[in-house]
Amino acid sequence: MTTIAIVGQGAMGRAHARAWNEIGLGDSIRYICAPGTPVPIVDAPVARFVTDLDIVLADPDVDIVSICTPTPTHAGLAIRCLDAGRNVLLEKPIALSLIDARAVTEAAERSLGNLMVAHVVRFFDGYRAIRQRVETGELGEVLTVRAERLSAAPGPSTWWHDESKSGGMVVDFAIHDFDQLNLLLGRPHTVSAHRASPGGPVDVVVDYEGGGRGRVLSFMGMPPEFPFSSSIEVLGSEGLAEHRFAGAPTGVVAPGNDSFLLMTDAVEHRRVETTNPYARQAQYFLDCVRSGTRPELCPAEDAVLALAVALAARESLASGAPVAVRS
């Protein structure tokens, strides 16, 4: 029997609870661990609210811990859970620094538990479709990748607006697209980031070993009613693939907001199946835990590399100069 604890009761904690519930494990969420006043979570109907992680780790039945807390706590909490032999689904980014990120991966290597960093975009249907076309060689050699991520301004937060705690938009938001660039283009070596005005969109160019180039546009300053949206375009030597998504940050949207375009020697343009990527992510991690296999679709090393690009972009934004990727 699977028993789950969720650490954190904010938006991401609720997204994870919904995901576990959607795959039939809502009643298996035994604990919600978070400071402050408990707020009932409908997708975790039998969960006990606790404020001390030691209570969770003292329960031998708990085998999966979803960590959905503010970024500065990720490394410390993940290491504690991994050292206790638990399987950890850790919200991105893996940490705020490469030193902490490596400490997490080292804890995973010595742990009896499994670690997966929740780069949920890998589970969006349209992004999966593009990756499949690249892996089958249908697009030929990948030459350039362009990605875009837009949202309304984030609401009040006790930590997000402090870049020393969140890493800011480049680390917390754009990291999804850096992860996709790395998947499709390989090993990054240089990052250049620019912003025309304070608080404006950030444009990041990433150059890759072998000559590929990626470009990411990120902006979190759209009007309050603006729906979250993202897109990715992959140009290969044999064609072009494009995916566009619009909807809520959790990915639970009305049908018709996901599109996929492929142009090679023929044209394919279709709507993509709309499912909850958080639920697909949870199911994949559950399958890895039950089979005792490492999550090859989301290796921790990839999460470290995505963070390395994000940190280089942040450094370039501050200095105005290109920055080498250090990982």
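These are my notebook entries on a few places I looked up in this predicted model.

**Entry 1: His16**

I started with His16, which I found in helix α1, residues 11-22. Is His16 buried or exposed? Its relative accessible area is 2%, and the cut-off for buried is under 20%, so I noted His16 as buried. I then listed its contacts, leaving aside neighbours within four places in sequence. They are Ile6, Ser66, Cys68, Leu89, Glu91, Tyr278 and Gln281.

**Entry 2: the largest nonpolar core**

Next I looked up the largest nonpolar core, and it has 105 residues. Which residues have the most contacts inside this core? They are Trp20 and Ile94. Helix α10, residues 300-319, gives the most to the core, with 11 residues. I wrote down a general remark as well: in soluble globular proteins, nonpolar side chains tend to be buried together.

Not counting residues up to four places away in sequence, Ile94 touches His74, Ala75, Ala101, Val104, Thr105, Val117, Ala300, Ala303, Val304 and Leu307.

**Entry 3: helices α4 and α10**

I then checked how helix α4, residues 98-110, packs with α10. The angle is about 180° and the axes are 10 Å apart. Angles over 145 degrees count as roughly antiparallel, so I recorded α4 and α10 as roughly antiparallel to each other. On the α4 side I found Leu98, Ala101 and Thr105. These meet Ala300, Val304, Leu307, Ala308 and Leu311 in α10. By class, this contact has seven nonpolar residues, one polar residue and no charged residues.

**Entry 4: aromatic rings**

I counted five aromatic pairs. One of them is Phe124 with Tyr127, at 6.2 Å centre to centre and with 85° between the planes. What kind of pair do Phe124 and Tyr127 form? The pair is edge-to-face, because its angle of 85° is over the cut-off of 60 degrees. Phe124 is buried at 7% relative accessible area, and Tyr127 is buried at 3%. I also noted one aromatic cluster, formed by Phe124, Tyr127, Phe173, Phe228 and Phe245.

**Entry 5: Val134**

Last, I looked up Val134, whose place is in helix α5, residues 125-135. Val134 has 17% relative accessibility and counts as buried. Leaving aside neighbours within four places in sequence, Val134 is in contact with Leu139, Val142, Leu184 and Val234. How far apart are the C-alpha atoms of Val134 and Val234? They are separated by 8.8 Å, while the two residues are 100 residues apart along the chain.

Terms used: Residues numbered from 1 in each chain as written. Predicted model: local features only at pLDDT ≥ 70, side-chain atom pairs only at ≥ 80, totals over all residues. Heavy atoms only, no water. Helix = DSSP H or I, 4+ residues; strand = E, 2+ residues; numbered from the N terminus. Buried < 20%, exposed > 50% of the residue type's maximum accessible area, 1.4 Å probe, protein only. Contact = heavy atoms within 4.5 Å. Core = buried A, V, L, I, M, F, W, Y, C linked by side-chain atoms within 4.5 Å. Axes fitted to C-alpha atoms, helices over the stretch in contact; angles between N-to-C directions. Parallel < 35°, antiparallel > 145°, perpendicular 65-115°, else oblique. Nonpolar A, V, L, I, M, F, W, Y, C, P; charged D, E, K, R; others polar. Phe/Tyr/Trp six-rings, centres within 6.5 Å; stacked < 30°, edge-to-face > 60°.
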